[in-house]
Amino acid sequence: TYYGLDKMKLANMYNDPSYMRDYLSYRIIGEAGGYAPLASYVWVEINGEDFGLYLAVEEIDKSWISRTQNDKGKLYKPDPPWVDSSNKVPGLTLKDAKALEYFLTKRAYFGDDDAGADLLYSGENPESYSAIFDNAVVKAKEDDQLRLIQSLKVLKEQKNLSSVLNTGEVIRYFVGHNFTMNYDSYTGITAHNYYLYEENGMLSMAAWDYNDGFGLLISALHPELTMTDIVNWGIDTPLCDVELSQRPMWEWIVENDDYLQEYHAAMEELLGKYFKS
């Protein structure tokens, strides 16, 4: 380990000439009270040779569980099979296609099943959730899988949610996440770039990969939108190119007046304590 970390990412800020999207997003989500990795700018030298400026990011891994969860629970990084598939769609590349057309065509080619990354309940068979269980950071046994599936079943029913969700933690995750407007994520078409943590059937989320944040991807997907449109995107309607029913982990917040008020209060707290200061 290195100062308590079992793994560290040196991010070269791909597609982000500002060098700030990831860093600011993690700070914002953390200030909102959500789970985000530790991050710090570093200058890298190897054997006396300068390699440049990077963002050192704590991997959401076993050491993160130790730091935040007392070495308990299971951790997953859901990823739909069609999003990062190494296979190519014949005749279609991102360079010669509009961004939204690219994603929709690729999804149609590989099938539109998110394999559980959308956190939709799809029955009792663990094979229906390959996007979750094939991407386990901590290996999950069959009873671990079945326990998580039962939590997703309760989430689908949208009742007794406090029995399967750390509601305050999830709300605060979405406060910071929605503020950063990253649509290469659960609130966008790709339904990835987040971690799912489960302990004793209780679910929460952690942030990851925000180089497409602050409206970058939504402007690529929808060039008809002006920056004014993007900046004024509603905090109660944060989804893009997906229906509310396709994102149950967000749906329960906006569909319940008490949870929605808690979300608004946490957003006001973030604005008042962090930004206005």
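This is a predicted model: local features need pLDDT of at least 70, side-chain atom pairs count only at pLDDT 80 or more; totals for chains, interfaces and linings use all residues.
Close-up 1. Helix α2 itself spans residues 62-69, and its buried residues are Ser-63, Trp-64, Ile-65 and Gln-69. Just after α2, Asn-70 adopts a positive phi of about 60 degrees.

**Close-up 2. A nonpolar patch on the surface.** Tyr-2, Tyr-3, Met-8 and Leu-10 make up this patch, and together they have about 510 Å² of accessible area. Tyr-3 belongs to the segment that precedes strand β1 (8-11). Is Tyr-3 buried or exposed? Tyr-3 counts as exposed because its relative accessible area is 76%, with exposed defined as over 50%.

**Close-up 3. The second largest pocket.** The second largest pocket holds about 210 Å³ of space. It is lined by 14 residues, of which Asn-178, Phe-179, Met-181, Val-231 and Trp-233 are the closest to its centre. Two or more residues of the lining are given by each of the elements α6 (167-180) and α8 (227-231). Helix α8 supplies three residues, the largest share of the lining of the second largest pocket.

Note on methods:
Residues are numbered from 1 along each chain as its sequence is written. Side-chain values use heavy atoms; hydrogens and water are left out. Patches are made of residues with over 30% relative accessible area and no salt bridge: like charges are joined within 9 Å, nonpolar side chains (Val, Leu, Ile, Met, Phe, Trp, Tyr) within 5 Å. Accessible areas come from the Shrake-Rupley method with a 1.4 Å probe; for residues, only the protein chains shown count as cover. A salt bridge is a side-chain nitrogen of Lys or Arg within 4 Å of a carboxyl oxygen of Asp or Glu. Helices (H or I, at least four residues) and strands (E, at least two) are DSSP runs, numbered from the N terminus. Buried means under 20% relative accessible area, exposed over 50%, partly exposed in between (1.4 Å probe, protein chains only). On a 1 Å grid over the protein atoms alone, a cavity is a set of points where a 1.4 Å probe fits but cannot get out, and a pocket is an open set with protein on both sides within 12 Å along at least five of seven lines; lining residues have an atom within 4 Å of a point. Grid points are joined across faces, edges and corners, and a volume is the space filled by probe spheres set on the points.
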